[in-house]
Amino acid sequence: MEKILVSACLLGVSCRYDQKSKEDPRVLKLLDHYDLIPFCPEILGGLPTPRPPSEINKGRVINIYGKDLTKEYEKGAEEGLRLARLYGAKKAILKARSPSCGRGQIYDGNFCKRLVKGDGITARLFLKENIEVISEEEL
C-alpha cells in the first residue's frame, strides 16, 4: 500500500498549539486505501503541547510573545523528511495554514488572522525534496 505522511492532528491526535486536534473525515477515509503515517513536525522539533501560537514573519517563525522558534520548526521539518525517506513516502497531507504544514497560504506573521501566499517550513522542505504536498482542504 502507498505510504503518505499526514499531519497527526488531522488523524485526531491532540498535538496542535492549542492542544486540540483537527480530525478530518476526508483524511480518515484514506485509511482504507493508504498507509497513513502520522507525524507532527512541531512536536518532532521539540515544542510542547500546548504552546503559544506561532506565525512566519520575514522568513522566521515567531511566537505570539516574540520568541524565535525557527530552529525548532526547521528541526521538525528535517525529522519529518527523515520519516518520509524511512517509509518511502512520496506524498504528504498537511494541515492548511500552519506555520509548519501550510501549503499555498499561511498567516501573515502579525497574529491578525490575515492570510498571505506562502508555505510552512515543513511543506517548503518537502516540496524542495520532491514530496508532493497537499492540504486536507484539497482532498
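**Figure 1. Salt bridge between Glu136 and Lys95.** Glu136 forms a salt bridge with Lys95, and their closest N and O atoms are 2.7 Å apart. Glu136 lies in the segment after E8, while Lys95 sits in the loop between E5 and strand E6 (105-107), so the bridge ties together parts that are 41 residues apart in sequence. Glu136 is buried, at a relative accessible area of 3%. Lys95 is buried too, at 11%. The model shown here and in the other views is predicted.

**Figure 2. Salt bridge between Arg85 and Glu129.** The side chains of Arg85 and Glu129 meet in a salt bridge, 2.9 Å from N to O. Arg85 belongs to helix H3, and Glu129 to the loop between H4 and strand E8 (132-135). The two residues are 44 residues apart, and the pair links distant parts of the chain. Is Arg85 buried or exposed? Arg85 has 56% relative accessibility, and the cut-off for exposed is over 50%, so Arg85 counts as exposed. Glu129 is partly exposed, with a relative accessible area of 32%.

**Figure 3. Salt bridge between Arg51 and Glu42.** The side chains of Arg51 and Glu42 meet at 2.6 Å, N to O, in a salt bridge. Arg51 and Glu42 are buried. The whole structure holds 12 salt bridges.

**Figure 4. Aromatic pair of Phe39 and Phe126.** A pair of aromatic rings is described by the distance of the centres and the angle of the planes. The model has one aromatic pair. Phe39 and Phe126 form this pair, with ring centres 6.0 Å apart and 25 degrees between the planes. The pair counts as stacked, because its angle falls under the 30 degrees set for that class. Phe39 is in strand E2 (residues 35-39) and Phe126 in helix H4 (residues 121-128). They are 87 residues apart, so the pair links distant parts of the chain. Phe39 is buried, with a relative accessible area of 4%. Phe126 is buried as well, at 0% relative accessibility.

**Figure 5. Nonpolar cores.** In soluble globular proteins, nonpolar side chains tend to be buried together. The largest nonpolar core here has 22 residues. Leu5, Tyr73, Ala92, Leu94, Ile121, Phe126 and Ile131 have the most contacts inside this core. E2, helix H3 (70-87), strand E5 (91-94) and H4 each supply at least two of its residues. A second, separate core has 12 residues, including Ala8, Leu11, Cys15 and Val27.

**Figure 6. Surroundings of Tyr73.** Which residues does Tyr73 contact, leaving aside its neighbours within four places in sequence? They are Glu42, Leu47, Ser54, Val61, Pro99, Ser100 and Ile121. Tyr73 is one of the buried residues of H3. Tyr73 is also among the residues with the most contacts inside the largest nonpolar core.

Figure 7. H3 has 18 residues. From its first C-alpha to its last, H3 reaches 26 Å, close to the 26 Å expected at 1.5 Å a residue. Its buried residues are Thr70, Tyr73, Gly76, Ala77, Gly80, Leu81 and Ala84. They cover an arc of only 145 degrees around the axis, which means that they lie on the same side of H3. What covers them includes strand E1 (3-7), E2, helix H2 (41-44), strand E3 (54-57), E4 and H4. The face turned away from this buried side carries the exposed residues Lys71, Arg82, Arg85 and Leu86. After H3 comes Gly88, with a positive phi near 70 degrees.

Figure 8. Which residues of H4 are buried? Ile121, Thr122, Ala123, Leu125 and Phe126 are. Among the residues with the most contacts inside the largest nonpolar core are Ile121 and Phe126. Just after H4, Asn130 has a positive phi of about 65 degrees.

**Figure 9. Surroundings of Ile64.** Ile64 lies in the loop between strand E4 (60-63) and H3. Ile64 is partly exposed, with a relative accessible area of 43%. Leaving aside neighbours within four places in sequence, Ile64 is in contact with Pro52, Pro53 and Phe111. Ile64 and Gly109 are 45 residues apart in sequence, and their C-alpha atoms are 9.1 Å apart in space.

Key: Residues numbered from 1 in each chain as written. Predicted model: local features only at pLDDT ≥ 70, side-chain atom pairs only at ≥ 80, totals over all residues. Heavy atoms only, no water. Phe/Tyr/Trp six-rings, centres within 6.5 Å; stacked < 30°, edge-to-face > 60°. Helix = DSSP H or I, 4+ residues; strand = E, 2+ residues; numbered from the N terminus. Buried < 20%, exposed > 50% of the residue type's maximum accessible area, 1.4 Å probe, protein only. Core = buried A, V, L, I, M, F, W, Y, C linked by side-chain atoms within 4.5 Å. Contact = heavy atoms within 4.5 Å. Salt bridge = Lys/Arg side-chain N within 4 Å of Asp/Glu carboxyl O. Expected span 1.5 Å × (residues − 1). Arc of directions from axis to C-beta.
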